[in-house]
Amino acid sequence: MQTADGHWLSEEEFDAAVQDALTRLPRRLQRHIDNVVVFVADEYEPEPWEAPDTELLGLYEGIPLTERGNEPWAMPDQITIFRNPLERMCSTREELVEQITVTVVHEVAHFFGIDDDELHRLGWG
């Protein structure tokens, strides 16, 4: 059932679903996730060079582990999960929770240096 504002999940439930997806990652991967912040935002704001109707479910911004040096001063990498596009693409609460998990795994995979082609091949596209 949708909330009064038409969402499948309240903001708190959505945040909890993102957190749950992160905690469900294998421990051996979790140990390597360092200096990364995860945010939830309502919408992706396209860059000036992008089509104005560009819509993303998630975004990884940073330097993948496979490309890092030993910069002790590095700013945190950032993963943003976009609530409204995920809500729009799903037709049930259960589907939304599953898609949140897929999106979180997809963006964390970018942190580990896995590109979109490989993610699609692995079924996490």
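How many aromatic pairs does the count come to? The count comes to three aromatic pairs. This is a predicted model.

**Sheet and helix packing**

- S1 and strand S3 (residues 77–82) run parallel and are joined by six bridges.
- Valine 37 sits opposite glutamine 78 in S3.

**Aromatic pairs**

- A pair of aromatic rings is described by the distance of the centres and the angle of the planes.
- Tyrosine 44 and phenylalanine 82 have ring centres 5.6 Å apart and planes at 75 degrees. Planes over 60 degrees apart count as edge-to-face, so this pair is edge-to-face.
- That pair links distant parts of the chain, 38 residues apart. Tyrosine 44 is in the loop between S1 and S2, while phenylalanine 82 is in strand S3.
- Tyrosine 44 counts as buried, at 11% relative accessibility. Phenylalanine 82 counts as buried too, at 5%. The cut-off for buried is under 20% relative accessible area.
- Phenylalanine 111 and phenylalanine 112 also form an edge-to-face pair, because their planes stand at 80 degrees, with the ring centres 5.1 Å apart.
- Both phenylalanine 111 and phenylalanine 112 are buried.
- Tyr60, Phe111 and Phe112 are linked into a cluster by ring pairs.

- Arginine 83 and glutamate 11 meet through their side chains in a salt bridge, at 3.8 Å from N to O.
- Arginine 83 belongs to helix H3 (residues 83–89) and glutamate 11 to helix H1, so this pair ties together parts 72 residues apart in sequence.
- Is arginine 83 buried or exposed? Arginine 83 counts as buried, at 3% relative accessibility.
- A network of salt bridges links Glu11, Arg83 and Glu87.
- A salt bridge also joins the side chains of arginine 88 and glutamate 55, at 2.5 Å from N to O.
- Arginine 88 lies in helix H3 and glutamate 55 in the loop between S1 and S2, so the pair ties together parts 33 residues apart in sequence.
- Arginine 88 is partly exposed, with a relative accessible area of 47%. Glutamate 55 counts as partly exposed at 46% relative accessibility.

- Glutamate 118 and arginine 121 meet through their side chains in a salt bridge, at 2.7 Å from N to O.
- Where do glutamate 118 and arginine 121 lie? Both lie in helix H5 (residues 116–122). They are three residues apart, about one turn of the helix.
- Glutamate 118 counts as partly exposed at 29% relative accessibility. Arginine 121, at 59%, counts as exposed. Exposed means over 50% relative accessible area.

Terms used: Residues are numbered from 1 along each chain as its sequence is written. This is a predicted model: local features need pLDDT of at least 70, side-chain atom pairs count only at pLDDT 80 or more; totals for chains, interfaces and linings use all residues. Side-chain values use heavy atoms; hydrogens and water are left out. Two strands pair if DSSP finds at least two bridges between them. Helices (H or I, at least four residues) and strands (E, at least two) are DSSP runs, numbered from the N terminus. Rings of Phe, Tyr and Trp (its six-membered ring) pair if their centres lie within 6.5 Å; planes under 30 degrees apart count as stacked, over 60 as edge-to-face and the rest as tilted. Buried means under 20% relative accessible area, exposed over 50%, partly exposed in between (1.4 Å probe, protein chains only). A salt bridge is a side-chain nitrogen of Lys or Arg within 4 Å of a carboxyl oxygen of Asp or Glu.
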